[in-house]
Amino acid sequence: MRSIINRIPGVLFVCTLFLAASCTPGSCFEETTADVKASFYLSSTGKPTAPDSLTLYGIGKDTTRYNKASRVQPALIPLDASAESCSFVIRINGVNDTISFRYSTFVHLISKECGYTYYHNLDDVLSTKHIIDTIEIKLRTITILNEPNIFIYY
Amino acid sequence: MSRTSLFITNLLLFILLSAACSVVQGQNRREIQDSVDIPLKIRAGIDVTGPAIWFAGKNILNAEGYISADINEKIALFVGTGYSDYKYSQYNYEYFSRGFFFKAGVDLNILQPEVSTGRYWAGVGIRYGLSSFTSGTPSFTHENYWGITSSSLESDKSWGHYVELSPGFRAELFKNFSIGWSLSLRKLLYPGTRSDIRPLWFPGYGSGGSVSAGVCYYLSWNIPYKKIRVAIKQEEPEEPPDEEDIQNQGINTNSQSLGGNRPATRFR
């Protein structure tokens with residue numbers, strides 16, 4: 001018993017270190033933006049095929065998300081959390097189309113280190129059909145998980 | 001004649017020594033205790049970790065106290081309560097959580113009665129915790145391709161609950177005054193809010209993950225209210241094997257006799 005009592009200060013010291021370490025603020029190493037993950041498929045073969053050239057920008061925005069990017073698979077399409085819909089001009093291999101998303105938005109806590117982000121529930125996806133054949137919704141909930149949400153056949 | 005007197009003298013010495021030995025053995029037998037008095041106590045204690053962290057400027061106030069009452073030398077009933085006030089802010093959000101918590105359960109002492117003697121405790125506490133708290137996010141910002149979005153989450157009153165295992169140690173430093181520490185390993189049962197905006201801090205529980213851990217150092221005042229006598233389990237000395245058994249065991253006898261008569265090791 002005496003030996004146990006003699007070890008109390010050491011144990012208290014180790015516990016204090018443990019406590020101090022547990023209170024040290026951490027850094028955020030997680031993805032914090034919930035984008036629509038769009039995978040491209042060739043409608044003629046049905047096989048996943050990234051476009052040779054992809055340009056994407058939001059209507060009303062003066063900056064591009066992708067600018068003549070090659071071999072993008074999947075494309076990450078950000079939604080506007082302050083609105084219930086948003087539209088993009090998408091140029092696949094030099095041919096323009098417009099793609100529109102309707103969705104609802106809700107707040108999600110990622111972690112103490114990363115804070116909050118917005119998740120979305122996808123209601124509908126519409127597009128013109130110059131090069132796009134069809135758009136198939138695979139997963140309506142837009143999160144930070146790396147799972148495809150829509151398939152774009154072109 | 002001299003041989004006869006020498007024989008008688010030796011016989012007398014043998015009888016005297018045998019008698020003395022038997023007397024000493026009898027005394028030893030009487031000195032071994034077969035029971036011990038254990039004072040049962042009611043304890044009131046406070047955790048000093050919470051105030052220490054508060055003074056260190058961590059923006060976390062956690063004030064906690066408890067009362068426990070011995071049922072017997074092994075089991076004590078435990079009730080605890082406390083208040084927690086937590087604030088956190090970083091570059092993209094601010095958060096607060098404050099409220100009361102209540103814990104109830106049992107403390108199990110694993111020390112033998114002759115070791116604990118009512119003064120030492122080493123064991124584990126098993127508790128159920130209930131927390132009532134208000135949490136909110138006064139502001140947060142999020143930035144993506146479309147720009148920066150600022151918003152807030154209104155404060156919300158919630159209930160949550162959890163279970164806790166608290167292995168630890170306590171020793172009576174002065175008469176009726178104990179110090180001790182314990183680890184707290186907790187499992188969240190229900191966070192009180194929907195999973196997308198679960199609380200970052202849970203009064204009595206800590207960080208709002210599915211499990212949490214902490215350390216408590218506590219001071220307690222003990223009030224003895226009853227004394228009980230507890231029997232001490234005596235170890236049965238192993239009987240030496242019969243000669244017949246030894247002959248039957250044959251060649252293995254030597255190796256077994258090396259440790260065969262050692263008393264069993266006891267946990268202390």
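**Exercise 1. Work out why B:Arg43 counts as buried.**

Step 1: count the neighbours. B:Arg43 has 22 C-beta neighbours inside 10 Å.

Step 2: check the cut-offs. With C-beta atoms placed from the backbone, a residue is buried if 20 or more other C-beta atoms lie within 10 Å of its own, exposed if 12 or fewer, and partly exposed in between. So B:Arg43, with its 22 neighbours, counts as buried.

A quick word on what you're looking at: this is a predicted model, where local features need pLDDT of at least 70, side-chain atom pairs count only at pLDDT 80 or more, and totals for chains, interfaces and linings use all residues. Residues are numbered from 1 along each chain as its sequence is written, while chains are lettered from A and ligands numbered from 1 in the order in which they are written.

**Exercise 2. Find where B:Arg43 sits and what it touches.**

Step 1: locate B:Arg43 in strand S1 (residues 35-47) of chain B. Strands (E, at least two residues) and helices (H or I, at least four) are DSSP runs, numbered from the N terminus.

Step 2: skip its neighbours within four places in sequence, and you'll find B:Arg43 in contact with B:Ile67, B:Ser68, B:Ser220 and B:Asn222. Contact means C-beta atoms, placed from the backbone, within 7 Å.

**Exercise 3. Describe chain B as a whole.**

Step 1: list the elements. Chain B has five helices and 10 strands.

Step 2: look at burial. Out of 268 residues in chain B, 26% count as buried.

Terms used:
Contact = placed C-beta atoms within 7 Å.
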